[in-house]
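Good morning, and thank you for coming. Please look first at the sequence and the model on the screen.

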Amino acid sequence: MSLTEASAVTKCTEAVRNHPNTRGVPLGPFRGWCSQLYLEDAAFRDKALAKKILAYHGIRSAPFVTFARGQRVQLRNRLSYPVIVKSQREESSRGISQASVVDSDARLVERVDFVHQSVGTDAIVEQYIEGR
């Protein structure tokens, strides 16, 4: 882990420890990207909430929108393609595959519907960032 990554993890840990909604919540072991630290605990399985807490403390993450079950799926210039569609509440990579990265309105609607129907949760759609 680089010094920059270690600094980000420390900042994340302090942000969550000091947030009013998380005082007294035990933090799980670090196992990857900073926000993953908090998703281990039931109180932090909501990825949108975790991202909002990080943003509140000045920690940047990919832009996102959420789609509740039954909500009309439309990006309306909030994000640009490609985006990645995930379960808003499931841990780690459950429900994520190559098909989760979408590049059109039609595929976005299909994938959000897949998350709603197959995983049974609301969907979070994030700006896709090329990585490993």
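First, a word on the source. This is a predicted model, in which local features need pLDDT of at least 70 and side-chain atom pairs count only at pLDDT 80 or more, while totals for chains, interfaces and linings use all residues. Residues are numbered from 1 along each chain as its sequence is written, and side-chain values use heavy atoms, with hydrogens and water left out.

Now the overall plan. The chain has four helices and four strands. Here helices (H or I, at least four residues) and strands (E, at least two) are DSSP runs, numbered from the N terminus. Read along the sequence, their pattern is α-α-α-β-β-β-α-β. Of the 132 residues in the chain, 37% count as buried. Buried means under 20% relative accessible area, exposed means over 50%, and partly exposed lies in between, with a 1.4 Å probe and protein chains only. A contact means heavy atoms within 4.5 Å. Among contacts between residues at least 6 apart in sequence, 61% join residues at least 24 apart.

Let us turn to the sheet. In what order do the four strands of the open sheet stand? The order is 1-4-2-3, with antiparallel pairing. Two strands pair if DSSP finds at least two bridges between them. Strand 1 and strand 3 stand at the edges with a single partner strand each, so one side of each has no neighbour in the sheet. Helix 4 packs on this sheet and touches strand 1, strand 2, strand 3 and strand 4. The direction of helix 4 makes about 10 degrees with that of strand 2. For such angles, axes are lines fitted to C-alpha atoms, for helices over the stretch in contact, and the angles run from 0 to 180 degrees between N-to-C directions.

Please look at strand 1 in particular. Strand 1 pairs with strand 4 in the antiparallel sense over four bridges, and T66 stands opposite I124 in strand 4.

We come now to helix 4. It holds 15 residues, 105-119, and at 1.5 Å a residue it should span 21 Å; the end C-alpha atoms are 20 Å apart, which agrees. The expected span is 1.5 Å times one less than the number of residues. Which residues of helix 4 are buried? They are L108, R111, V112, V115, H116 and V119. Seen down the axis of helix 4, these buried residues fall within an arc of 135 degrees, so they line one face of the helix. The arc is that of the directions from the helix axis to the C-beta atoms. What covers these buried residues includes strand 1 (64-67), strand 2 (83-87), strand 3 (101-102) and strand 4 (123-127). The face turned away from the buried side carries the exposed residues A106, E110 and Q117. Just after helix 4, G120 takes a positive phi of about 80 degrees.

Next, the salt bridges. A salt bridge is a side-chain nitrogen of Lys or Arg within 4 Å of a carboxyl oxygen of Asp or Glu, and the count by this rule is four. In one of them, E126 joins K51, with the closest N and O atoms 3.1 Å apart. E126 lies in strand 4 and K51 in helix 3 (residues 47-56), so this pair ties together parts that are 75 residues apart in sequence. Both E126 and K51 are buried. Another salt bridge, at 3.3 Å from N to O, is formed by D122 and R69. D122 lies in the loop between helix 4 and strand 4, and R69 in the loop between strand 1 and strand 2, so the pair ties together parts 53 residues apart in sequence. D122 is partly exposed, with a relative accessible area of 23%. Salt bridges that share partners also join K51, K86 and E126 into one network.

Finally, two single residues. Leaving aside residues up to four places away in sequence, Q88 touches several residues, including R45, T66, D122 and I124. E130, in the segment after strand 4, is exposed, with a relative accessible area of 65%. Thank you for your attention.
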